Amino acid sequence: FPVTIPDTTSNDNGGTIIVGQDGRRWKRDFDGYVYSGWFEAVANTAVDSGPALQKFFDYIASSSLAGRMTSGTYKTNQELVIPNRIELVADSGNTPVTIQAGAAMRSVAKIKMVGGKISGITFDANRLSDYAVIESGVSNSIFTQIAYGGALFDGRHAPSNDQDTNAVLINDRNTYNECSFGGNGKVYVSTGLATGTVDHENMNVVIKNYFCTAAQFVETSSTASMSAGSNILTAAGMAFLTVQKVRPGDTIRVGTGTNRRYYTVFHVDSETQLQTTRYADVAHTNAPFVLGVGHGFHDKRHGDNNIHIFNGGLFRANAAGGMLMNGLYGHTMTGTQFDYHVNNSIIVGVNGGDPVISSQFNHCYIEATGGKHFYINSTSNIHIIATLDSDSNADKNIEYNTKATSIGTYTNKTGTFPIGSGFYSEIPCVSGAPVGK
């Protein structure tokens with residue numbers, strides 16, 4: 001840190017410029033990467049490194065220099081903002097770099113960059129933040145070996161409008177190389193199947209009892225009991241606080257069919273009791289119940305393109321589904337694996353709304369899913385390409401909304417067939433492994 005005598009105006013940024021008590025500026029002499037440790041970010045979950053990391057991100061964005069983070073887990077008690085055109089990489093080492101939520105908040109990081117690069121970072125919502133990452137107007141950027149996990153809702157969430165300014169957003173033309181989207185969303189628990197319309201956008205529905213995300217275990221006997229006129233919900237076979245980490249504001253549904261009722265958690269009385277915001281108007285005894293939402297990767301409806309490229313990668317054990325894409329244009333996915341989802345692995349479009357145009361899935365691997373491999377809503381020109389035959393599963397693994405027209409084709413080694421031709425029970429991706437195994 002040589003002192004810079006002529007400089008009397010530069011601000012202290014905590015990392016490359018230090019202002020002494022006498023007002024003199026000390027500037028770090030370096031060439032090459034900028035390190036997060038310079039800004040006093042430490043890989044120690046007992047320390048809140050959020051303010052230091054924010055200074056680090058702001059500096060590398062303004063300086064156009066590449067940033068490095070040394071191995072370990074960094075805790076943040078604030079939502080970080082990764083600004084425009086940043087290059088961030090994990091330093092070499094055997095321990096990966098993790099940025100972990102240390103308090104309840106909206107997301108671990110709100111990413112706003114255009115033309116940036118991030119590689120080798122895990123964003124861990126730690127069952128505390130709603131999302132692992134919010135992409136807010138991210139375009140022409142490259143994400144390599146990024147993991148998005150532990151979110152109470154979606155792992156990677158791209159809203160249609162900025163949640164702070166309400167500005168319309170476009171998240172477009174990004175590339176995801178070998179990224180992982182797993183363990184997102186709260187646990188779904190049910191002893192039965194839902195009836196009626198499924199809301200694929202919000203996944204507020206009772207799901208078949210397959211795989212519970214938060215604790216990575218199979219739950220077989222959870223039921224809820226709520227007496228008429230009571231707003232106290234008692235559960236059997238489930239510890240809300242230790243497994244579910246339920247908090248006020250969570251959505252809960254009790255029962256199925258015509259007797260199902262929706263509530264909001266008002267207060268957590270104990271590990272097996274919740275107080276809801278309204279009184280039950282019917283008696284529920286040993287009824288299946290469900291909590292929460294959550295996809296691995298979720299695009300909300302955007303007014304312009306949403307063209308992303310996925311090379312490899314893994315979507316695993318998200319509480320709702322692996323991916324929900326609802327942009328104007330779809331994505332191209334090559335060699336991507338989807339497994340252990342309690343609902344549909346891939347959902348294209350939402351409830352017969354505007355079409356998602358030109359999605360392509362090349363040689364994907366899909367297994368152990370509680371719903372369909374593909375659920376197609378009002379889309380067009382989706383192409384599913386693989387060289388492997390299906391496992392001849394008796395269940396139809398592609399389902400499409402009746403409003404979906406010109407759906408597209410799938411190809412396996414026997415030929416190319418239009419989706420909806422009667423051959424769609426033979427999806428050209430490997431499937432059929434026992435769920436939850």
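In the predicted model, Phe56 is buried, with a relative accessibility of 0%. Its ring is paired with that of Phe39, the centres lying 6.0 Å apart and the planes meeting at 50°, so the pair is classed as tilted. Phe39 belongs to the loop between β4 (34–35) and α1 (50–63), whereas Phe56 sits in helix α1; the contact therefore ties together parts of the chain 17 residues apart in sequence. Phe39 also counts as buried, because its relative accessibility of 3% falls under the 20% cut-off.

This pair belongs to a set of 17 aromatic pairs in the structure. Another of them joins Phe315 and Phe338, with 4.6 Å from centre to centre and 15° between the planes. The arrangement is stacked, since the angle is under 30 degrees. Phe315 is located in strand β28 (residues 314–316) and Phe338 in strand β31 (residues 337–341), so that distant parts of the chain, 23 residues apart, are linked. A relative accessible area of 0% places Phe315 in the buried class, and Phe338 is likewise buried at 0% relative accessibility. A contact between a charge and a ring is found at Tyr33, where Arg68 lies over the ring face at 4.0 Å from the ring centre.

Seven salt bridges are counted. In one of them, Arg106 is joined to Asp164, with 3.0 Å between the closest N and O atoms. Arg106 lies in strand β10 (residues 105–111), while Asp164 is in the loop between β16 (156–158) and β17 (175–177), 58 residues apart. Asp164 is exposed, at 52% relative accessibility, because the threshold for this class is over 50%.

A salt bridge with an N to O distance of 3.0 Å also connects Asp162 and Lys110. Asp162 is in the loop between β16 and β17 and Lys110 is in strand β10, so this contact ties together parts 52 residues apart in sequence. Both Asp162 and Lys110 are buried. Through shared partners, salt bridges join Arg106, Lys110, Asp162 and Asp164, together with Glu79, into one network.

A further salt bridge is formed by the side chains of Glu135 and Arg156, at 3.0 Å from N to O. Glu135 is part of strand β13 (residues 129–135) and Arg156 of strand β16, so the pair ties together parts that are 21 residues apart in sequence. Glu135 is buried, with a relative accessible area of 0%, and Arg156 is buried with a value of 0%.

Definitions and conventions: Residues numbered from 1 in each chain as written. Predicted model: local features only at pLDDT ≥ 70, side-chain atom pairs only at ≥ 80, totals over all residues. Heavy atoms only, no water. Phe/Tyr/Trp six-rings, centres within 6.5 Å; stacked < 30°, edge-to-face > 60°. Helix = DSSP H or I, 4+ residues; strand = E, 2+ residues; numbered from the N terminus. Buried < 20%, exposed > 50% of the residue type's maximum accessible area, 1.4 Å probe, protein only. Lys NZ or Arg CZ within 6 Å of the ring centre and 35° of its normal. Salt bridge = Lys/Arg side-chain N within 4 Å of Asp/Glu carboxyl O.
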